[in-house]
Amino acid sequence: MNASAPSTLNGHISHWFHDHGMPAAREPLTGDATADVCIVGGGYTGLWTAYYLKKAAPFLRITVLEQKFCGYGASGRNGGWLYNGVAGRDRYAKLHGRDAAVRLQNAMNDTVAEVVRVAEEEGIDADVHRGGVLEVAYTPAQLTRLRAFHEDEMAYGDRERQLLGARETAERVRVAGAVGSSWTPHGARLHPAKLVTGLASVVDALGVTIHESTPVTEIKPKHAVTPYGTVRAPYVLRCTEGFTAALKGLRREWLPMNSSMIVTEPIPAELWETIGWEGRETLGDMAHAYMYAQRTADDRIALGGRGVPYRYGSRTDNDGRTQPATVDALRSLLVRFFPALARTRIDHTWSGVLGVPRDWCATVTLDRSTGLGWAGGYVGSGVATANLAARTLRDLVREDSGQDTATSLTALPWVNHKVRTWEPEPLRWLGVQTLYAAYRTADHREATLRSASPSTSRLATWADRLAGRT
């Protein structure tokens, strides 16, 4: 079956919005305005920040500016992984000491429960299922990395994590050829569009002003500039993640990395009996060009990975449209994991962008001299990380304005971390293309030379150094 056949819906943002339906449009900005806090970006980071600030200080006048509609970016396109991963943890351990990195990890562990708590408290039905995260290995080299990864996570305090052999892995989900896995309870599956639209509605009801269809072209101290007027505020918080490069002066700040997804038709019960996956864990692997998947509430499989990793000049996609070769590659990966799905139809494919800093470290910053703040660089772990970042931005603003004192969140090592910019073009494009070509080649070698050494491919080790991950 051709995965990119005409029956497959391509783009139109994501399956999540196609399934949930588009929310009613909010009015754009109609002229100059003022606020106490102006938030640029109506995704998870911006909406969570507005939520926590308004809850802490109901008197604040908060305005959110969104270029399209709330959830248009990664918040409405992601794989629905609410989990405890945070980009840059090992680097923060080197810079600030292991105890500081452990505190950051513990905060991320708690964040999974925090998102679930707020969703329940605010009546947001986002198809949340707390099945944890299962990451599998299916080559000798992957198994070596899995064991090292498992030990590292345990050392950072994930004491509930379990290392599973081939039989125990198959009891959870029958991935073809899986030789082991690592499972943590600090994870949940959710429906991204239901979460972001529900959160936007809650923020609306709290009295936050949200202007959609309002692109911000420039951010400067106390000003967010749009084609329709300027919002002036003592604090302007940039929550634009993968779309940051479109802002004036920020083209090399965070690289907009592309990630692509497919979702199957609903899978019948007899096929689920061959697959298992009753626990509905979020599912990943230990490949260098990794995949991520979930079993949806309506019994589909949504699976994602890297397609075309980066577009020249930090351009972003056209409403999620995905190249046929990427769709075919993702479908091949689906069938490689679950051969019984060889004849299963792909209903929808889409893409989105995520923000990648040059050192692959997520950050939260408030410049007290200008009132400018920002959070992002989540490198694909933003569903939960955005919540922790938002609570940290709340505390930084409240401390700076004299409403509160320093908190445990403002002392985390990712606060005010400085990252160098990406290289200019064409070096940026060449570097990313070379990086992911190396990762794909390394994965191919490790998969085809199964009887060889279980060591990680030297090509992947070289690519990690090129990326700045080590």
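**Close-up views of a predicted model**

**View A. Strands S3 and S4 lie side by side in this predicted model.** Strand S3 covers residues 37-40 and strand S4 covers residues 62-65. The two run parallel and are joined by 4 bridges. Val 40 faces Leu 65 of S4.

**View C. Strand S21 and its two partners, S14 and S20.** S14 pairs with S21 in the parallel sense, over 3 bridges. Here Leu 237 stands opposite Gly 373 of S21. S20 and S21 run antiparallel and share 5 bridges. Thr 365 has Trp 374 in S21 as its bridge partner. The hairpin of S20 and S21 has 4 residues between the strands. In that hairpin, Gly 371 takes a positive phi near 80 degrees. S21 is mostly covered, with 4 of its 5 residues buried.

**View D. Tyr 72 and Phe 243, one of 12 aromatic pairs in the structure.** The ring centres of Tyr 72 and Phe 243 are 6.2 Å apart. Their planes meet at 45 degrees, so the pair counts as tilted. This pair links distant parts of the chain, 171 residues apart. Tyr 72 sits in the loop between S4 and strand S5 (81-83). Phe 243 sits in the loop between S14 and strand S15 (255-264). Both residues, Tyr 72 and Phe 243, are buried.

**View E. A cluster of rings that includes Trp 272 and Trp 277.** Trp 272 and Trp 277 form an edge-to-face pair. The distance is 6.2 Å centre to centre, with 65 degrees between the planes. Trp 272 and Trp 277 are both buried.

**View F. Arg 98 over the face of Tyr 156.** The distance from Arg 98 to the ring centre of Tyr 156 is 4.0 Å.

Conventions
Residues numbered from 1 in each chain as written. Predicted model: local features only at pLDDT ≥ 70, side-chain atom pairs only at ≥ 80, totals over all residues. Heavy atoms only, no water. Pairing = 2+ DSSP bridges. Phe/Tyr/Trp six-rings, centres within 6.5 Å; stacked < 30°, edge-to-face > 60°. Buried < 20%, exposed > 50% of the residue type's maximum accessible area, 1.4 Å probe, protein only. Lys NZ or Arg CZ within 6 Å of the ring centre and 35° of its normal.
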